[in-house]
Amino acid sequence: MMNSLLKEVGRGKRGSRDLTYDESVQAAELILNGAATPAQIGAFLIAERIKMSSPEEIKAFIDVCRSKSKIHPIPGGLDCAGPYDGRKKSFYSTFPTAFVLCASGVPVTLHSSPSLPPKNGLTLHGLLKGLQVASEQLDITSLLKAAEQTGFLFIPTEKWCHPLAQLRSIRTEIGMRTLLNTVEKLLRLSDAPFMTLGIYHGTIIDKVIEVLRRTGVEKGLVIQGLEGSDDISVERITRVHWVTKEETTQLIIDPELMELQVHYPDIQWSLKHQCDIILSVLQGKADLPYINTVLLNAGVRIWLCGNAQSIEEGIYQAKYIIDNGYALQKFSLWKDLVQNNSSKKVIISLQ
């Protein structure tokens with residue numbers, strides 16, 4: 001069966017065709033169940049990259065992955081989907097922004113795996129280690145308990161969707177972006193009604209928008225942000241796409257109009273830099289480029305989720321939250337909860 005599907009997608013630019021949704025489900029089941037060989041999986045992923053995956057194919061892989069994943073719905077939540085291959089050249093503002101949002105009453109889900117190709121940059125897994133949170137020891141129960149008390153849910157995706165973990169070695173050997181780079185960002189394992197989704201290549205915008213509209217999201221923003229993330233820049237205008245089930249609208253977010261525009265310093269990013277700046281933002285002591293980035297991204301998301309009438313109002317809320325230490329309190333509480341719960345699990349297992 002896998003060979004016949006491979007023939008359809010692997011005949012080159014002119015001879016290949018998109019699989020139907022049902023055919024794509026078959027391919028996804030064979031790959032994610034381990035019935036396809038490593039050679040067949042690699043060939044399929046490369047053929048899909050050359051052909052360029054269709055919305056039907058992407059949606060089928062999302063649906064099959066979700067059927068094999070843990071799903072934990074969080075009503076009223078926001079899913080922030082950034083690149084799973086990490087960051088190398090920009091501030092990881094998604095993380096401190098999440099705790100600003102939680103302090104504003106918006107539950108936030110962030111999800112990640114250890115770094116993947118093609119970028120092999122810093123992921124949330126690595127960031128947590130730098131912030132002295134042992135991400136590999138975080139079990140599902142501890143993460144869910146911490147989310148109940150803080151509003152912040154971190155999902156280690158490969159623990160919640162085991163078939164993706166089994167494909168890691170093949171993806172690493174291929175060393176390039178594949179269909180799965182898009183799929184894992186759109187899994188929505190907390191069934192959040194709101195979503196921000198970062199993309200890198202403009203050629204995939206229309207496909208991602210179509211898939212996003214079919215996943216159950218009430219309101220979403222598709223953003224060509226910093227390094228393909230969903231982080232909006234304060235250095236330049238960012239074009240984003242407002243997506244609902246009924247319509248799609250392109251918006252322009254201009255930091256100058258919101259009096260937040262500033263140039264980023266030219267620095268060599270390291271894990272220590274990221275962690276130091278994140279903590280300084282939460283403490284309200286960060287340099288202007290970083291505090292403004294968090295204010296803008298938090299303001300946009302607060303507005304997206306309906307907790308502010310405008311982006312400007314959302315920015316004012318975010319500033320109040322940071323200035324009064326509420327975001328730092330949320331982060332400190334979350335860190336204590338996941339560390340304490342995970343430590344207790346380890347002690348019990350050792351006994």
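Hi everyone, let me start with one serine: leaving aside residues up to four places away in sequence, S93 touches R87, D231, T293, V294 and N297. Before I go on, please keep in mind that this is a predicted model.

So where does S93 sit? You'll find S93 in the loop between β1, residues 78–81, and α6, residues 94–103. Is S93 buried or exposed? Its relative accessibility is 0%, and buried means under 20%, so S93 counts as buried.

One of the residues S93 touches is V294, and V294 also takes part in the meeting of α15 with α16. Let's go there next.

Helix α15 covers residues 288–304, and helix α16 covers residues 311–323. How do these two helices cross? Their axes come within 7 Å, at an angle of roughly 125°. That angle makes α15 oblique to α16. As for handedness, the crossing of α15 past α16 is right-handed.

If you'd like to click through the residues, on the α15 side look for I291, V294, L295, L296, A298, G299, V300, I302 and W303. Their partners in α16 are I311, G314, I315, Q317, A318, K319 and I322. What classes of residue make up this contact? Sorted that way, the contact of α15 with α16 has 12 nonpolar residues, three polar and one charged.

P118 belongs to the loop between β2, residues 108–112, and α7, residues 124–130.

Next, phi angles. R188 has a phi near 50°, which is a positive value in a residue other than glycine. Look for R188 in the loop that runs between α12, residues 179–183, and β4, residues 194–198. R188 counts as buried because its relative accessibility is 5%.

E227 also has a positive phi, near 55°, and again the residue is not a glycine. Where is E227? This glutamate is in the loop between β5, residues 219–223, and β6, residues 238–243. With a relative accessible area of 13%, E227 is buried.

R188 has a positive phi, and so does E227.

Key: Residues are numbered from 1 along each chain as its sequence is written. This is a predicted model: local features need pLDDT of at least 70, side-chain atom pairs count only at pLDDT 80 or more; totals for chains, interfaces and linings use all residues. Side-chain values use heavy atoms; hydrogens and water are left out. Helices (H or I, at least four residues) and strands (E, at least two) are DSSP runs, numbered from the N terminus. Buried means under 20% relative accessible area, exposed over 50%, partly exposed in between (1.4 Å probe, protein chains only). Contact means heavy atoms within 4.5 Å. Axes are lines fitted to C-alpha atoms, for helices over the stretch in contact, and angles run from 0 to 180 degrees between N-to-C directions. Angles under 35 degrees count as roughly parallel, over 145 as roughly antiparallel, 65 to 115 as roughly perpendicular and the rest as oblique. A crossing is left-handed if the near helix is turned anticlockwise from the far one by less than a right angle, and right-handed if clockwise. Ala, Val, Leu, Ile, Met, Phe, Trp, Tyr, Cys and Pro count as nonpolar, Asp, Glu, Lys and Arg as charged, and the others, Gly among them, as polar.
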